[in-house]
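The report that follows looks at how two chains are built and how they meet.

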Amino acid sequence: MRTKKVFLVLMALLLIIGLGACSPAAEPAPEEESAPVEEAAPVEEAAPAEEEAAPVEEEEEAPAEEMAEPVTFQVFYPVAVDAPIAEILNEYIEDFQAEYPHITVEPVFSGGYGDVQTAIQTTIDGGGTPPALAVMLATALYDLNNAGYISPLDSYVAGMEDGDAYIADFLPVFLDNSYAYDELWSIPFQRSATVMYYNMDMFAEAGLDAPTNWETWATAAQTLTTKDGDATNWGLQYPSGWPYWLFQPLAIGAGQNILDDDCTVVFDNPAVIEAVQFYIDLSGEYEAMPAGVQGIWGTAPTDFSSGSTAMIIHSSGSLKGIIEQADFEVGLMGLPGKEDGSISAVPGGGNFYIMSGAPQAEQDAAWLFVEFLTQPKYIADYSINTGYVASTSSSYETEEMLAHTAEVPQALSARDALQQGGAELATQNLGAVRGIFHDYLQRAYNGEMTADEAMAAAQVEADAALVDFCE
Amino acid sequence: MANETSKPKKNPLPYLLVFPTVVFVALFTAWPVLLSFYQSFFRQRMNIAKYREPSFIGFGNYIELFEDPYFIEVIKNTLYYIIGTVPISIFLALFFAIMVNRKIRNVGWLRLAFFHPMVLPMVSAATIWLFFFTPNYGLFNSTLRFLGYSGAENWTGNPDLALLAVIIVAVWKNSGYYMIFYLAGIQNLPDDVYEAAALDGATGWQTLWKITFPLLRRTTVFITIIAFIDAFRTIDHIFVLTSGGPSRSSSVLLFTLWQERFENQDIGISAAITIIFVLVLLAFTITNFVMSENKEA
C-alpha cells in the first residue's frame, strides 16, 4: 500500500513538472526557436558587425581602436580521415592569430562530416548559438540552406579587393556545389575526387597500356585477374557500400550525370542505365571483379598496395597512404569513359560554411579566417600534407606545390581528372533522394532487379521525394 | 495495524533522497518523451522552407509511417534483429556462465575471454568484424570454409546476409556482458538446495533444469529486459558494417530514426518513430514484469 502511495505521489509530481514545463513552452515554441536567431542578430550584433567589417575594407575608414575589438569564434572541423588534420589546422590558426591579434579561433575537432552537421543541427534546434564556421559536406548545401543555418558569402566576396579573381581561381567543378539560388554559400577547402589507382608494374608486365575506354578497361581487368589457390587476385575492386559517389563517374563517362540541377535527377536515362549495366558486366561478363555490392571501402587500398589487386576505385585522399605502402609504380587517373579517350571523376569532400546563427562579429571574423586559409600558400600546404586535392589553380603554381608534384605527379592527375568531371549529387531533400538511389542501385548490383527496372523505379520515387521541395 | 498506518509520521527524508533522481528523470526522460509526443502530431521539416514552422496534422505522421512500405520493412528487420539477438545472447550467456562457474584452472582468463567484447567500443568492434567479414581472405570466411561452408561470403554486401552479419556482431558483443549477470546470479544461489538435490540423486541435467534455471528466473527477466532494450538501442555497428544496406536490408528502427531526424531533418516523423519506440519498450517491460510477478505469487 505504502509503496503504491509513494509511487502515485511521485507520478503526480512528475506529471505536474512535465505539464508545468509543457504549457509555457508548447505554444510559443516555434516562435521562440526562430526569434533569437533573427531578432537578436540585428539589434545586438549590428554595431560590432560594422566594426569588424573594417579590416576587410581597410582603405575606406578603419580606425585602429575599432579593429582591436577582440573576437573569439569557434570552427567545427571533421577529422575522420587518415591525416593529422588537427595538428595542421592548429598551425594555421597560430599563423592567422599572429596576423589578426584581436581574433581568437577555437577549433573543435570531432568525428566525420555527419557528426559535425549533427552537432550543429542539434545546437541550433535546441536554441543554442552555433559555431561561426564549420567544414561540412559540399553536398549538404540545400539542406543547410533550407533550414536557414548558413549565411550567403557574396557580400564578403564583393568586399574583397578582387573578389571575382578570388572566385575564378577555384576549380570550376568544386564551385558547382557552392551556389544555390544565385548566391554563393560555401568556399571549397577540403576536397577530394573519385579516381582510379592502377598498378603500373602489373600493367607493364602484362604488356598493357593504361585503359582509355570501357572496353580496354574491362579487358585489362579481366587479364589481370588471377587465381591463387582458394583466393582470387582481382583485376579490379570497386567499392559500392555507399555507392552514389563512386558510381557517378561511370554515368558521366557514359555521357549523362545523374542530376541536372537541385530539383532534377536523371536516373532512368539510357546512358545511366548503361553505366549500371557496365558495373554489373565487370563481374558478370568479364569476371574481373567480385559480384554484387562490395563493402570494401576499408580494405581496397590495402589490397591494392599489397599488390593483390591491380586496380581500385577510391578517393584521391588515399593517395598518400597508398604511395607510402606500395612497392610498385602507382598510376592514378580518372575513370575511363565509354568513348575512347574520355575520363571522368566526381568531386567530394567538404567546404567552409559560415553559420547565420552566430553573432555577426564572429561571422565576419570567420570570413577573414576563410580568406586567410584559401591563400595559395595554405591550400598548397594543406594538399601536400593531407592528400586532399588543392582547390585553386594558383596553389599549383606555388614553389612548394611545384616541388611536390615533381615528386608525386599523381597529385596532378587527380586535378586533371576533375577538369572533366561533373557535379556531385547534391539535391533538395538529399537524404531521401540519395537513399532511394542507393536502394535501387544496390538492387541492380545484387541482381535483384535489372538495371532498367531499378533505375526506372528510382526515378519515380526520387521525383516523388522532390515534389514538395520543387513545386 | 490500521491505527498505526492511518496516522503515519510524515518523514520528508525519503522524498528528499529521491528528489534529485526524480528531477533528472523528469528533465531528461519524461520531458523529452512528452515533447516528442507533442511534436509527433505536427508536420515540421527543417530542410524545406514551407514546412519549417510546425503545423498540426493530427495522426498524419503515424499514418504516413504505416503506409510506407519501407517503414514496414524496417519494422520487419527490427523484429528479425530482436529474434536473432535476444534469445541467442541469453542462451549463450547462461551457457558461458555455467562453464566459467566451475572450478577449473585459469578460469579468470576464460571469464575475461567471454567478457572482453563488452569492453570494446562498438565502433571498434564493428571495424574489426568488417575485416573478419571480408570476402576472399577474411578470418570469418576462412574459418567457415575450413569447416566446410561453401556458400556466399559477401556478408555485408549480400541482402540476405547483411542483417545476419549485424546480428552476429551484436550477439558476440553482448553475450559476455549478460554472462556476468548470470554468473552473479548462480553464485548467489543457496548451496543447501544443491546438497539436497545431490542427496536425492539428481542428475546434472535435472539439477540444471529443475533447480538452477527456475531459481535464476528473476535474473532471466532482468537480462531479457536489458537484452531487448539493447536490441533496439545498439546501432553503432550498423553504421560501420552496412550503413543500413544493401538496399536498406539491414535498417532497423533506431537507425531509421536517426536518418529521419538528422539526414532528412524531419522532426514530425522522427518524433512519431520515437513514440512508437517508447510504447513498444514500455509495453514489453510492463508485460515482462507483470508476468514474472504473477509467477512469484
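Helices are taken here as DSSP runs of H or I with at least four residues, and strands as runs of E with at least two, both numbered from the N terminus. On that basis chain B, in what is a predicted model, comes to 14 helices and 2 strands. The table gathers the overall values for chain B.

| Property of chain B | Value |
|---|---|
| Box filled by the C-alpha atoms, along the principal axes | roughly 75 × 75 × 30 Å |
| Share of the 297 residues that count as buried | 35% |
| Share of contacts with a separation of 6 or more that join residues 24 or more positions apart | 70% |

**A helix pair in chain B**

In chain B, helix α5 (residues 107-119) and helix α8 (residues 162-187) have axes that come within 7 Å and cross at roughly 115°, and the crossing of α5(B) and α8(B) is left-handed. On the α5(B) side the contact is made by Phe114(B), Phe115(B), His116(B), Pro117(B) and Met118(B), while α8(B) contributes Trp172(B), Lys173(B), Gly176(B), Tyr177(B), Met179(B) and Ile180(B). By class, the residues of this contact divide into 8 nonpolar, 2 polar and 1 charged.

**The nonpolar core**

The largest nonpolar core has 182 residues, among which Ala134(A) and Ala221(A) touch the most other members. Although these two residues belong to chain A, the element that gives the most to this core is α8(B), with 13 residues. The core also draws at least three residues from each of two domains of chain A, namely domain 1 (63-191 + 349-414) and domain 2 (193-347 + 422-470).

Which residues surround Ala221(A), leaving aside its neighbours within four places in sequence? Ala221(A) is in contact with Gly235(A), Leu236(A), Leu282(A), Tyr286(A), Ala288(A), Met289(A) and Met311(A).

**Where the chains meet**

Between the two chains, 36 residues of chain A are in contact with 34 residues of chain B. On the side of chain A that touches chain B, two or more residues come from each of α1 (2-26), α5 (113-125), α6 (141-146), β8 (231-233), α20 (430-445) and α21 (451-470). The largest share of that side, 8 residues, is given by α1(A). Sorted by class, the side of chain A that touches chain B has 15 nonpolar, 16 polar and 5 charged residues.

Terms used: Residues numbered from 1 in each chain as written. Chains lettered and ligands numbered in written order. Predicted model: local features only at pLDDT ≥ 70, side-chain atom pairs only at ≥ 80, totals over all residues. Contact = placed C-beta atoms within 7 Å. Nonpolar A, V, L, I, M, F, W, Y, C, P; charged D, E, K, R; others polar. Buried ≥ 20, exposed ≤ 12 C-beta atoms within 10 Å, placed from the backbone. Axes fitted to C-alpha atoms, helices over the stretch in contact; angles between N-to-C directions. Left-handed = near helix turned anticlockwise from the far one by under 90°. Core = buried A, V, L, I, M, F, W, Y, C linked by C-beta atoms within 7 Å. Domains from an automatic or database assignment.
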